[in-house]
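Reader: Can we go through this model together? I have a few questions about how the chains are put together.

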Protein chains: 2
Amino acid sequence: MAKKLVKRSENYSEWYNELVVKADLAENSAVRGCMVIKPYGYAIWEKIQRILDDFFKETGHQNAYFPIFIPKSYFEKEAEHVEGFAKECAVVTHHRLKPKENNEKGLECDPNAKLEEELIVRPTSETIIWDTYRGWVQSYRDLPILCNQWANVVRWEMRTRMFLRTAEFLWQEGHTAHATSEEAIEETKKMLDVYAHFAQKFMAMPVIKGVKSPNERFAGAIDTYCIEAMMQDGKALQAGTSHFLGQNFARAFDVKFLSKENKLEYVWATSWGVSTRLMGALIMSHSDDNGLVLPPKLAPLQVVIIPIYKTDEEFEMINNEADKIISFLKSRGISVKYDDRKEYSAGWKFNEYELKGVPIRITLGARDLKEGLVEVARRDNLTKETISVDKVNEYTENLLEEIQKNLFNRALSFRQTNTRKVNSWEEFLVEIEKGGFLLCHWDGTPETEEKIKELTKATIRCIPLEGEEEEGKCVYSGKKSNKRVVFARSY
Amino acid sequence: MAKKLVKRSENYSEWYNELVVKADLAENSAVRGCMVIKPYGYAIWEKIQRILDDFFKETGHQNAYFPIFIPKSYFEKEAEHVEGFAKECAVVTHHRLKPKENNEKGLECDPNAKLEEELIVRPTSETIIWDTYRGWVQSYRDLPILCNQWANVVRWEMRTRMFLRTAEFLWQEGHTAHATSEEAIEETKKMLDVYAHFAQKFMAMPVIKGVKSPNERFAGAIDTYCIEAMMQDGKALQAGTSHFLGQNFARAFDVKFLSKENKLEYVWATSWGVSTRLMGALIMSHSDDNGLVLPPKLAPLQVVIIPIYKTDEEFEMINNEADKIISFLKSRGISVKYDDRKEYSAGWKFNEYELKGVPIRITLGARDLKEGLVEVARRDNLTKETISVDKVNEYTENLLEEIQKNLFNRALSFRQTNTRKVNSWEEFLVEIEKGGFLLCHWDGTPETEEKIKELTKATIRCIPLEGEEEEGKCVYSGKKSNKRVVFARSY
């Protein structure tokens, strides 16, 4: 199989598509817009799940599971939500197939099995969950409810790309219920922090925490907080969102509680989620023209050891050395594989693990080893070191940390280089074509944002939480503004 | 809330339904046949998942994810499979809703968004997976493929009961591909052993391993292996199945490989699964009229500590003691909760944890403690011991193991008591009314099995793998038979 990828500089989009397939992460299925996540890709997703799930539990959340189907009428209850979610979706109308009539081959919907009310395959679960919460809440003692769900969801997207935008995707959705607005806002921000921490410390992906402008807000939310990352083509990718939903869903589904003051009040809500889209973000943050590059903390395989030898004696000597290294690395919780398969050449293996982004490759060559040396290659910057075999354990362990840091710093420096303050519309038109993040003043109106999007395809990715106040004039309208926002083209 | 349950002896079925709801395991949702799995129930399912997943990985399997939707035509490709699975199912026919016309309120399917081919929400994934495997297999070097998927599936059941039979349920489905029939059969049996080991060692539920009769076989399988358990009402529950699929799906989806001998051959298949039905089996194996009884290895909370005191000084003394016990138990990986909430009485707490099946309750009473004593109550047999406080750590740790064993032995002895050899049809008619397993000779024909089912509602649960050969006559037809099979009414 031709493993060589198109270069990023030639066709970034094609490079991504090829990489996903050739690194065995996923493939398109026969079902329009749905992907198959292959074992290697799924192993990365499992690592993401496990780490996030631990964070959710540490912050007091429990997992639960709600039905995949949502009655059509539920979407009609929250006016904005219906606009955002009940349009392009998978609609179940029948519950039975029957053999075709008139001796034709095949199956057809049984007209006697038409559902009274259509069911929607969940695009998100606020409605069914808030319908359920009504039964769980009577008094303030029943609050907060801190639930999370790991699930599949379906949004009938017109243009799909593996991991980035698929009809079916996997995600987690947290749905919490609180007695006060303050507590709900605090929860919204807390989960945003969890996402940012995960993105930066585990995915090695720097993110900007911010709030969405009204145009980009979740349908039904009062405020949508987000983390935004910059991909290697300079486009923005929204990597996670946390919504303060106010009392909108409690009103729509009549979820009230008796407060400490004995008053009947509507419950306050949040929801927050990340999805298999993170896989796309991970791939595009670090990978290069040779293939996938994975941060050690999310790599299913962190170290691979490859023997090079001619004689059986040499192979045995190498095996002995490999055993020692493996048992040390395993004792440190490092995942390691010894690829001693004879049907593949060392060169083939080098390419294979490079393509799959294994952070460290240790080559045990018979000649080197006789001189007490081994070669350690790092995937992040493609450099190699020849080191003394008695230092390899410690060296490898430290190198994993070093690579994790280096990937983050490299991505951060890339983002910094590609983030610019822009003060005039003329400048904006030039700079947006170069890609990257433009820090601009904005007059705060949806009309201006809409206009800028129409003219340049750039949107406000977020109003950064940490941006400093600064007097200025809107880059488009010239009206007053007191903070810069992040404009970019996005995935 | 009234926590008291209907008694098993009064109405077993109602006891089960009430227990599921009152122990906070699950509840019915607004969507017909779909349940909400509540956090406490889901925590048990997560334990089941984690343990099984570790076993799957130890036996060389990897997880992957395949689309939830299956094109209608896929079901038409395997003749028996379509009979079994493409009937009562959720059929997606449209991909868009639109506002109703004529100023009516609400949404309706957009006739312009009718799918060319209907999509079925997967009832099981053999078809979509074998369609995918076609692209993964060229030569014997690509085999075996050992994949598992954790997913939701939908079967439009007419009568549903939480966990036991729901329209949507959660499960894992393993799908493996092999170069030889022998290897596939070995895999089928290996996974049956994994299920049996899990059921007995973790669920404390004795099972009979066996093969299904043709009537009860999975649609599309050559052989279906199963584990069967006896519930407390004497009914059988199929707790897991492992199918040898032969080359049926490879033929239907044209999956061939080049063998070592350079011949093009069809690939051999297995599939195997367990579902949230195991939750129903777990509940019905051990629970009693006071509520849930959980084996320690699957209990989300293994030990609860409850203080009883009058003064602040007493409370402080108890807190100190609790701290010591907690830190010991945690160091041993035992999950423990100290319920020192003041808004609930000790009596309320006793009932609550009894209802929820927490295996051990330690009561720290001020009066006892002053004499160096604590009370340890076990949930399985509802007995209490007063023991010296300096022995409580070791005692508790050992008691968890003791409870695990006791639950298994109790269930095994129940099954033995309710399993009888039956040799005549008159006897059969009497004995089947008493419930339990009847070991009978059977002439091996589907007609006889069908007739017995029609007359008594009993079916062959399995032909036990470990049953000895024995000459005899079919309990119904009187024809020759050389092995007894297990007849029972079942869930």
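Reader: What pLDDT does chain A average?

Author: This is a predicted model, and chain A averages a pLDDT of 96, with 99% of the residues scoring at least 70. For the complex, the predictor gives an ipTM of 0.96 and a pTM of 0.96.

Reader: Which rotation superposes chain A on chain B?

Author: One of 180°, with 0.0 Å of shift along its axis; the RMSD is 0.0 Å. That is the relation of a two-fold axis.

Reader: And which residue of chain A comes closest to the rotation axis?

Author: A:Val92, whose C-alpha is at 2.1 Å from the axis.

Reader: Why do you say the copies meet through the same surface?

Author: Because 100% of the interface residues of chain A are also interface residues in chain B.

Reader: Changing topic. Which residues of the largest nonpolar core touch the most other members?

Author: The core has 296 residues, and the ones touching the most other members are Ala199, Ile227 and Ala229 of chain A together with Ala199, Ile227 and Ala229 of chain B.

Reader: What is B:Ala229 in contact with, leaving aside neighbours within four places in sequence?

Author: Its contacts are B:Ala199, B:Met205, B:Pro206, B:Val207, B:Leu237, B:Ala239, B:Ala281 and B:Ser285.

Reader: Now the sheet of 5 strands in chain B. What is the strand order?

Author: S17-S16-S18-S19-S20, in an open sheet with mixed pairing. Strand S17 (336-338) and strand S20 (384-388) of chain B are the edges, each pairing on one side only. From one strand to the next the twist averages 25°.

Reader: In which sense do S18 and S19 of chain B pair?

Author: Antiparallel, over 4 bridges, between residues 360-365 and residues 373-378 of chain B. Within that pair, B:Arg361 has B:Ala377 as its bridge partner in S19(B).

Reader: Which helix lies across S16 and S18 of chain B?

Author: Helix H10 (residues 346-355) of chain B, running at about 170° to S16(B). Helix H12 (residues 392-417) of chain B also packs on the sheet, where it touches S16, S18, S19 and S20 of chain B, and its direction makes about 10° with that of S19(B).

Reader: Over in chain A, how many residues of S16 are buried?

Author: 5 of its 6 residues, so strand S16 (residues 303-308) of chain A is mostly covered.

Reader: How many bridges join S16(A) to S17 of chain A?

Author: 3, and the two strands run parallel. A:Val304 has A:Lys337 as its bridge partner in S17(A).

Technical notes: Residues are numbered from 1 along each chain as its sequence is written. Chains are lettered from A and ligands numbered from 1 in the order in which they are written. This is a predicted model: local features need pLDDT of at least 70, side-chain atom pairs count only at pLDDT 80 or more; totals for chains, interfaces and linings use all residues. Two strands pair if DSSP finds at least two bridges between them. Axes are lines fitted to C-alpha atoms, for helices over the stretch in contact, and angles run from 0 to 180 degrees between N-to-C directions. Two residues are in contact if their C-beta atoms, placed from the backbone, lie within 7 Å. Copies are superposed by least squares on the C-alpha atoms of residues with pLDDT of at least 70 in both. A nonpolar core is a set of buried Ala, Val, Leu, Ile, Met, Phe, Trp, Tyr and Cys residues joined through C-beta atoms within 7 Å. A residue is buried if 20 or more other C-beta atoms lie within 10 Å of its own, exposed if 12 or fewer, and partly exposed in between; C-beta atoms are placed from the backbone. pLDDT is the predictor's confidence in each residue, from 0 to 100.
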